[in-house]
Amino acid sequence: MPKVSIILTSYNHEKYIAAAIESVLNQTFSDFELLIFDDGSTDNSHEVIKTFKDERIKLFLNEENIGAVQMLQAGAKISKGQYIALQHSDDVWELDKIEKQLQFLENHPEYEACFTQAKFIDESGEIYDLPENHHYKNIFKQKNRSREEWLNHLFWKMNCFCHPSILARNHPQYFIHNPRFFQLPDYFTWVNLLLKKNIYVMEEELIKFRLRRGEQNSVSSLNLEKAIRVNNEEYFAAREFLPIIQDKEFFLKVFPEARKFLMGKEINTAFAFAQLCFKRNSLPFQKLALEILYDLIHNENDRAQIKKLYDYDEKSFIEDTGKIDSFSIKSQLKILNCRLYIDFGENFKESDALTKQTMIRMEKNFEVSFDFQSDKKIVRLRFDPDDKITCTVKIDKFSINGEIVNDFITNAIQIIDGYFYFLGDDPYFVVNKEIPAGKIHIEIIGTVKNSLPPIIQEVEDMILEKSKSNGTIQKIKRKLLTQILKTR
């Protein structure tokens, strides 16, 4: 029986696969089996692999591409070694990688797996000194942590381990490959491993991790389908943290920041975890938070406990369901980014501006309100329907504390049938009105549409009709200027 089983996955890397295989076969530690899975390569990879004649190699050639995770799972099932290592077809190992990692794990039975640091190489195999802003620049440079600290890091920061650098004990119950993951299989694997066992990262750079120059990282090559899949898989991966909430002491070790939810000696770990998920800049994690809270509210005992401890109830949950855009509704709807600038007598300042997003309905109308407390008298207000787009706006209602306002100063180029036509991407309406200090309620209802000002449309028509005539541009400019002046 070999001491180590090495699973090498290959796909369309005929240029690099030979170097990857050689770096394995030339290891200073030689008691291993090399399971090579080529995943339906359409280049010359098969032929390159077949040139290697070594009794330790077992070759599996897939007719069709099924995915790296499925190949890793298949390799793990037939592996015979006491330890298991993973290699990619475009990466290169240092010759003493397995020897050094094996020695560490043999001397430290408390660790289930160990990784190494990585140096980066480019397409030609040359050392690649990454620019400071590169995604991979420092991602693998991790200080060693306890199991609980690693889980915390993975929760907040996602993956940080170099996949092809791992050497692990061959225990299928801990080292799990999930074939339902395609974009984030590593993340799932490391979370599940750390839920049960310890991981160590060696300081030595024992792998050469290949990156193509000019590619910032793999995320930059995501297409729409992959981007959608990443979000779905991140949600499923987030659920893998749920076993942590079953053990109060373990939960607080993993998430010491959750101690603020400890009321005396009492804590609802599910509620605390949901609040941490809300703070993650990730809609999949936030969606999971809503599901957790939904179940807590549904359970009579949990509902009573979180009401007592945190004053959280059905009304609180309903408020959260209106804040967390877990289905990216904002990106699917047409949104106005409204701004209200307040002049206290010192002109308009960004620091005195309020921002409110509102939806443009199917009928093209919108409604937005601003409620605030002013400690000073207001002398002017400025309303920007949207500070990023050019639009045409009709104000159907503008009220301040219930009083209707009809007089505006605006930068619209034309006003026709109540519609204000703007050219720039910063349309505004100014209201010169003194408002005493106190509670302020401003309500604005309007209609918005995308259309060119008639002046500009007429100019475009004239250009099309008369572009071949001498002096046309000058005539158009004069006409445009005349009509603009008439609207001022």
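The structure is a predicted model, in which local features need pLDDT of at least 70, side-chain atom pairs count only at pLDDT 80 or more, and totals for chains, interfaces and linings use all residues. Residues are numbered from 1 along each chain as its sequence is written, and side-chain values use heavy atoms, with hydrogens and water left out. Helices (H or I, at least four residues) and strands (E, at least two) are DSSP runs, numbered from the N terminus.

Consider the sheets. Strands of a sheet pair through backbone hydrogen bonds, either parallel or antiparallel. Here two strands pair if DSSP finds at least two bridges between them. Strand β2 (residues 32–39) runs parallel to β3 and is joined to β3 by 6 bridges. Within this pairing, F37 stands opposite F60 in β3.

Contact means heavy atoms within 4.5 Å.

A second open sheet has 5 strands in the order β10-β9-β12-β18-β15, with antiparallel pairing. Strands β10 (353–359) and β15 stand at the edges with a single partner strand each, so one side of each is left without a neighbour in the sheet. On the β10 side, 7 bridges join β10 to the antiparallel strand β9 (residues 335–343), and R339 stands opposite T355 in β10. Further along the order, strand β12 (residues 378–384) pairs with strand β18 (residues 429–435) in the antiparallel sense over 5 bridges. Strand β18 also pairs in the antiparallel sense with β15 (residues 409–410), over 2 bridges. Which residue of β18 is the bridge partner of F383? The partner is F429, and T410 also stands opposite F429.

The helices come next. Two packed helices are described by the angle between their axes and the distance between the axes. The axes of helix α9 (residues 269–279) and α10 come within 8 Å and cross at roughly 155°. Helix α9 is therefore roughly antiparallel to α10; angles under 35 degrees count as roughly parallel, over 145 as roughly antiparallel, 65 to 115 as roughly perpendicular and the rest as oblique. The crossing of α9 and α10 is left-handed, a term used if the near helix is turned anticlockwise from the far one by less than a right angle, whereas clockwise is right-handed. Among the residues that meet are F271, F273 and F278 in α9 and F285, L288 and L293 in α10. The residues of this contact divide into 13 nonpolar, 2 polar and no charged. In this division, Ala, Val, Leu, Ile, Met, Phe, Trp, Tyr, Cys and Pro count as nonpolar, Asp, Glu, Lys and Arg as charged, and the others, Gly among them, as polar.

Helix α10 (residues 283–298) also packs with helix α12 (residues 314–323), at an angle of about 160° and with the axes 11 Å apart. These two helices are therefore roughly antiparallel, and α10 passes α12 in a left-handed crossing. L290, L293, Y294 and I297 in α10 meet E314, F317, D320 and T321 in α12. By class, this contact has 5 nonpolar, 1 polar and 2 charged residues.

With helix α11 (residues 300–310), α10 packs at about 105°, and the axes are 5 Å apart. The angle makes α10 roughly perpendicular to α11. L296, I297 and H298 of α10 form the contact with E300, D302, R303 and I306 of α11. This contact has 3 nonpolar, 1 polar and 3 charged residues.

Finally, a search of the whole structure finds 36 aromatic pairs. The rings of F175 and W190 have their centres 6.4 Å apart and their planes at 15°, so this pair is stacked. Rings of Phe, Tyr and Trp (its six-membered ring) pair if their centres lie within 6.5 Å, and planes under 30 degrees apart count as stacked, over 60 as edge-to-face and the rest as tilted.

Methods. Axes are lines fitted to C-alpha atoms, for helices over the stretch in contact, and angles run from 0 to 180 degrees between N-to-C directions.
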